[in-house]
Amino acid sequence: MRYLGIDYGTRKVGLALSDEAGTMGFPKGIVPNAPSLAADIADLIAREGVDAVVIGESLDFQGNENPVARQAKAFALALAHKTDVPIAWEPEMLTTREARRGPGQADEKPDRRPRDHAPVDASAAALILTSYLTKQQNTHT
């Protein structure tokens, strides 16, 4: 089973694909968050043979939805109207920060955002997807 992981952002959306067995996520790239986002992702789902989508659930430290979460839910609804694949949610708290610390990422000062965080967005999507897949494997064993 093939999965697509999504790290939804207001300007850029990080993407990750699982291996064919659906055991781990790998960074795929980024796409701009444009009005055509749902259609673009639906096309990617068809092209890559994706069976399910996992979107990072953006919550604040109290567990409440933030403005990004509301936009992500609207995107998920639009995507659901364009494709028949199931959509799941996975908490994404601090995945971008963790992705910045990953291999191949430049050390950044904590108070500064990197100028080009495209690889970080895709890596964050891979972390979200891998977290979801690991939980699924652990509940089925």
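I take a salt bridge to be a side-chain nitrogen of Lys or Arg within 4 Å of a carboxyl oxygen of Asp or Glu. The model I am reading is predicted.

**Entry 1: Lys 73.** I looked up the partner of Lys 73 and found a salt bridge to Glu 57, at 3.9 Å from N to O. Lys 73 lies in helix 2 (residues 67-82) and Glu 57 in strand 4 (residues 52-57), so this pair ties together parts 16 residues apart in sequence. Lys 73 is partly exposed, at 32% relative accessible area. Glu 57 is partly exposed too, at 22%. I also looked for rings around Lys 73. Its charged end sits over the ring of Trp 89, 4.9 Å from the ring centre.

**Entry 2: Glu 48.** I counted salt bridges and got six for the structure. One of them joins the side chains of Arg 2 and Glu 48, at 3.7 Å from N to O. Arg 2 lies in the segment before strand 1 (3-7) and Glu 48 in helix 1 (residues 37-48), so the pair ties together parts 46 residues apart in sequence. I noted Arg 2 as buried, with a relative accessible area of 15%. Glu 48 is partly exposed, at 23%.

I then found Glu 48 in a salt bridge with Lys 28, at 3.3 Å from N to O. That pair links helix 1 to strand 3 (residues 25-32), 20 residues apart. Lys 28 is partly exposed, at 42% relative accessibility.

**Entry 3: rings.** How many aromatic pairs are there? I count two.

Technical notes. Residues numbered from 1 in each chain as written. Predicted model: local features only at pLDDT ≥ 70, side-chain atom pairs only at ≥ 80, totals over all residues. Heavy atoms only, no water. Phe/Tyr/Trp six-rings, centres within 6.5 Å; stacked < 30°, edge-to-face > 60°. Lys NZ or Arg CZ within 6 Å of the ring centre and 35° of its normal. Helix = DSSP H or I, 4+ residues; strand = E, 2+ residues; numbered from the N terminus. Buried < 20%, exposed > 50% of the residue type's maximum accessible area, 1.4 Å probe, protein only.
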